[in-house]
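Visitor: I have a model open and would like to go through it piece by piece. Can we start with a single residue and work outwards?
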Amino acid sequence: MKKLIIFITLLFTGCATIGQIAGIPVNIGHGYTIKQKYNEKCPFCKLVGIEYKDYQTVYNQRVTELDNRLADEKTRRSEIGTISEGGMIIITIERSTIESANTSNFEYVIFENDVEIFRQYGTPSVPNYTINSSGSTTWWNIEVIYLPNAIKDSITLYVIDNLGGGRDEFKIISPSASTS
C-alpha cells in the first residue's frame with residue numbers, strides 16, 4: 001500500500017521536490033550550487049527562494065520558445081540579443097500579507113569577492129495569492145535580476161526585507177568552482 005501511495009504521489013508531482021509540492025519556495029541552480037542562509041529575523045520562515053539561469057540556459061529556453069512561435073529571423077536575432085551575459089536570477093517571495101509581499105519593499109544586493117557589484121531596489125508589483133485547503137492566504141511575488149557578467153566562481157545575493165526586517169542570503173557557486 002505504501003508503494004502505491006508513493007507511486008501515485010510521484011505520478012502526479014513529476015520530479016517536484018517536497019518543497020515545491022508543499023508550496024515552499026525552493027532554490028534551483030541549473031548546474032550551479034545554491035547555498036541559503038535564512039532571514040535571521042524569522043528563523044522558521046523559509047519564504048524566499050531563487051532560481052539561477054546562466055546565459056546558456058536562458059539561450060536554450062529562448063530558442064525553444066522562438067521555435068515554438070515559428071519566429072522569423074529578425075525576431076530571433078532581436079530576442080536572443082537581449083539575453084544578459086550573466087543570465088538571470090528569479091526571486092520568489094512569499095509572505096502572509098499583501099503589503100509585505102510587494103517587491104517594492106525589498107532590495108537586492110550582490111557581492112563578488114566581498115565587493116558589491118550590483119544593487120537594485122524592488123519594483124512595485126501587486127502580489128499574487130493562493131488560498132490553501134484550510135483557508136489561509138499566502139501572498140507571493142516574483143522579481144527578476146539580470147546579471148551583466150557571467151559568474152566566475154561565486155556570488156552572494158542578499159534579499160533584504162526593508163518592511164519586515166532581516167535578509168536572506170544566497171551563495172551561487174559555478175560548476176567549475178564547485179569541482180575545484
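Visitor: Does Y121 count as buried or exposed?

Guide: Y121 counts as exposed, because its relative accessibility is 53%. The cut-offs are under 20% relative accessible area for buried, over 50% for exposed, and partly exposed in between, with a 1.4 Å probe and protein chains only. Bear in mind that this is a predicted model, where local features need pLDDT of at least 70, side-chain atom pairs count only at pLDDT 80 or more, and totals for chains, interfaces and linings use all residues. Residues are numbered from 1 along each chain as its sequence is written, and side-chain values use heavy atoms, with hydrogens and water left out.

Visitor: Where does Y121 sit, and what is it in contact with?

Guide: Y121 belongs to strand β5, residues 115–121. Setting aside neighbours within four places in sequence, Y121 contacts F106, E107 and Y108; contact means heavy atoms within 4.5 Å. F106 is 15 residues away along the chain, and the two C-alpha atoms are separated by 6.3 Å.

Visitor: Zooming out, how many helices and strands are there?

Guide: The chain has five helices and nine strands. These are DSSP runs numbered from the N terminus: helices are H or I with at least four residues, strands are E with at least two.

Visitor: Which strands make up the open sheet?

Guide: Four of them, in the order β2-β3-β7-β6, with antiparallel pairing. Two strands pair if DSSP finds at least two bridges between them. The edge strands, each pairing on one side only, are β2 (48–53) and β6 (128–131).

Visitor: How do β6 and β7 pair?

Guide: β6 and β7 (residues 137–146) are antiparallel, over four bridges. I131 is opposite T137 of β7.

Visitor: What about β1, which way do its side chains point?

Guide: They alternate along β1 (residues 33–37). β1 is joined by five bridges to β9 (residues 167–173), and the two run antiparallel. Q36 has F170 in β9 as its bridge partner.

Visitor: Which residues of α3 are buried, and what covers them?

Guide: T57, V58, R62, V63 and L66 are buried. Their cover includes β2, α4 (73–80) and β3 (88–95).

Visitor: And the largest nonpolar core, which residues touch the most other members?

Guide: I89, I91, I145, L157 and I172, out of 20 residues in that core. A nonpolar core is a set of buried Ala, Val, Leu, Ile, Met, Phe, Trp, Tyr and Cys residues joined through side-chain atoms within 4.5 Å. At least two of its residues come from each of β2, β3, β4 (106–112), β8 (154–161) and β9. Another core lies apart from it, with eight residues, including V58, L66, I83 and M88.

Visitor: What fraction of the chain is buried?

Guide: Buried residues are 37% of the chain's 180 residues.
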